[in-house]
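Student: I am new to this structure and would like a close look at one part of it. Could you walk me through a salt bridge and the residues around it?

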Amino acid sequence: MGGISGFLMKFPSLIHFLLSLLEKIPARLPMPIEKLVSRVSYPRTGRHLQRYNNRGFRLVVGCIPYRYRESEDGKSIEEAIEVLVINAQNGKGILFPKGGWEKDESMEEAAIRETVEEAGVVGVIECKLGKWCYKSKRQSIYHEGHMFGLLVKQELDGWPEKNIRKREWACIWLPCDSVES
């Protein structure tokens, strides 16, 4: 097994961590999908609405988009789970969609907006998966990141960052009898 799927399969602890996060109970979308799409239609620029925590860390939010793999006959196989990854803007590396959380939106709204802008998928957001802090690769500032699981319901043909991002589904879990020896 090659590519991203093969890479992820080398890290069973990551797979188990992701699976445990994906088992969280789904929640409602924070706003009607029509309102969300209209917000994404005008991608935001600048940092004037950006949120920062009490230590000065920029607050970012995002999603781990996932789906259950479908068989050839179109039936869902719940044991096979795929996550959607996107390339970094510079084309080097893969990541999950994430970006700035702004003052005029909830954390969930920002996570969905960033996922639509960067990955071009819409779905059902789930409970918060966790939080981490990291140093920006571009600037000497720190970020506090928050992630949500997103069960993907639709892949969009066009999205704001389609021309600078590629998206790819990576299988993170297959039943033992599906893995080739």
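Tutor: Happy to! Let's start with Glu 82 and Arg 67, whose side chains meet in a salt bridge (2.6 Å, N to O). The term stands for a side-chain nitrogen of Lys or Arg within 4 Å of a carboxyl oxygen of Asp or Glu. Because Glu 82 lies in strand β2 (residues 76-87) and Arg 67 in strand β1 (residues 58-70), the pair ties together parts that are 15 residues apart in sequence. Strands here are DSSP runs (E, at least two residues), numbered from the N terminus.

Before we go on, a word on the source: this is a predicted model, where local features need pLDDT of at least 70 and side-chain atom pairs count only at pLDDT 80 or more, while totals for chains, interfaces and linings use all residues. Residues are numbered from 1 along each chain as its sequence is written, and side-chain values use heavy atoms, with hydrogens and water left out.

Now look at the surroundings of the pair. Glu 82 counts as buried, at 8% relative accessibility, whereas Arg 67 is partly exposed at 25%. Buried means under 20% relative accessible area, exposed over 50%, and partly exposed in between (1.4 Å probe, protein chains only).

Glu 82 also forms a salt bridge with Arg 69, with the closest N and O atoms 3.3 Å apart. Arg 69 lies in strand β1 and Glu 82 in strand β2, so this pair ties together parts that are 13 residues apart in sequence. Arg 69 has 30% relative accessibility and counts as partly exposed. Salt bridges that share partners join Arg 67, Arg 69, Glu 82, Glu 155 and Arg 167 into one network.

Notes. Helices (H or I, at least four residues) and strands (E, at least two) are DSSP runs, numbered from the N terminus.
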